[in-house]
Amino acid sequence: MMLRWLTQRADNSRKAEELYGSVVTAARQPAFYETLGVPDTPEGRFELVVLHLFLALEVLRAKGTAAEGLVRRTIEAFVIDMDDCMREMGVGDLTVPKKVKRAAAAFYERATSYRRALDEAGSPERGWPELSKALRGYVYGGSAERGDDAAALAVYMQAASTALSDHAFDVFVNDGIASRLLASATAKNKVSTT
């Protein structure tokens, strides 16, 4: 029994690191920064990691209690990455824990907002304006000039959420579905997962 628990824990840790790697890969797609104007700053990159981490964890949460360990380990991978990044940026040892705690709180705040907006997104007319508003506030710092970019990002996020109901997150990233959805959203065309 104890050996099975340790094996499962190690397996969850490995899977969580791989999943978090896919999250970061999805967040680093150049079109976010070059076409949608997401600031190529630590803050802008953080926002896209959070957006994709939210999408990845929503897929796992839909699986119920069977995925709880993987959800927990993936969040731990995010926290470890935030800690490492802050130390690399030269944040002092005494300040890092406070900033990591704020980053985790920011993730949960955004996840709540994104979940609410996606739940209301039965159609572009109903949900995407709320999602666009949330994305404009978080990703673009509330800039009114970025309304079109936030709307395109909302189209991407809605399409990604739909695609992830049929695909695992790593498949979504590695098979190029994420890049195709992003290209469709930035081209302002109808989004398709094929």
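## Helices H5 and H6

In this predicted model, the axes of helix H5 and helix H6 (residues 128–139) come within 8 Å and cross at roughly 160 degrees. H5 is therefore roughly antiparallel to H6, since angles over 145 degrees count as roughly antiparallel. The crossing of these two helices is left-handed.

On the H5 side, the contact is made by Glu-109, Arg-110, Ser-113, Tyr-114, Ala-117 and Leu-118. H6 contributes Glu-130, Leu-131, Ala-134, Leu-135, Tyr-138 and Val-139. Sorted by class, the residues where H5 meets H6 are 8 nonpolar, 1 polar and 3 charged.

## Helices H4 and H5

H5 (residues 96–119) also packs against helix H4 (residues 68–88), at an angle of about 135 degrees and with the axes 9 Å apart. That angle makes H4 oblique to H5. H4 passes H5 in a right-handed crossing.

From H4, the residues in this contact are Ile-75, Phe-78, Val-79, Met-82, Asp-83, Met-86 and Arg-87. From H5, they are Val-96, Lys-99, Val-100, Ala-103, Ala-104, Phe-107 and Tyr-108. The contact of H4 with H5 has 11 nonpolar residues, no polar ones and 3 charged ones.

## Helices H7 and H9

Helix H7 (residues 147–163) and helix H9 (residues 177–186) form another pair, with axes that come within 9 Å and cross at roughly 145 degrees. Their crossing is right-handed.

H7 brings Ala-152, Val-155, Tyr-156, Ala-159, Ala-160 and Ala-163 to the contact. H9 brings Ile-177, Ala-178, Leu-181, Leu-182 and Ala-185. By class, the contact of H7 with H9 consists of 11 nonpolar residues, with no polar and no charged residues.

## Two single residues

Asp-149 is found in helix H7. Is Asp-149 buried or exposed? Its relative accessible area is 11%, and a residue under 20% counts as buried, so Asp-149 is buried. Apart from neighbours within four places in sequence, Asp-149 is in contact with Thr-35, Leu-36, Gly-37 and Tyr-140.

Cys-85 lies in helix H4. With a relative accessible area of 29%, Cys-85 is partly exposed, because this value falls between the 20% limit for buried and the 50% limit for exposed. Cys-85 and Pro-42 are 43 residues apart in sequence, and their C-alpha atoms are 9.2 Å apart in space.

## The whole protein

What does the secondary structure of the protein come to? There are 9 helices and 0 strands. Read from the N terminus on, the elements run α-α-α-α-α-α-α-α-α.

The protein has 194 residues, and buried residues make up 45% of them. Among contacts with a separation of 6 or more, 58% come from residues 24 or more positions apart.

## Confidence in the model

The average pLDDT of the protein is 87, and 88% of the residues score at least 70. Where is confidence lowest, and where is it highest? The lowest mean is 81, in helix H1 (residues 2–27). The highest is 96, in helix H2 (residues 30–34).

Over residues 189–194, the pLDDT is below 50. Beyond near neighbours in sequence, this stretch has 14 contacts in the model.

Definitions and conventions. Residues numbered from 1 in each chain as written. Predicted model: local features only at pLDDT ≥ 70, side-chain atom pairs only at ≥ 80, totals over all residues. Heavy atoms only, no water. pLDDT = per-residue confidence, 0-100. Helix = DSSP H or I, 4+ residues; strand = E, 2+ residues; numbered from the N terminus. Contact = heavy atoms within 4.5 Å. Axes fitted to C-alpha atoms, helices over the stretch in contact; angles between N-to-C directions. Parallel < 35°, antiparallel > 145°, perpendicular 65-115°, else oblique. Left-handed = near helix turned anticlockwise from the far one by under 90°. Nonpolar A, V, L, I, M, F, W, Y, C, P; charged D, E, K, R; others polar. Buried < 20%, exposed > 50% of the residue type's maximum accessible area, 1.4 Å probe, protein only.
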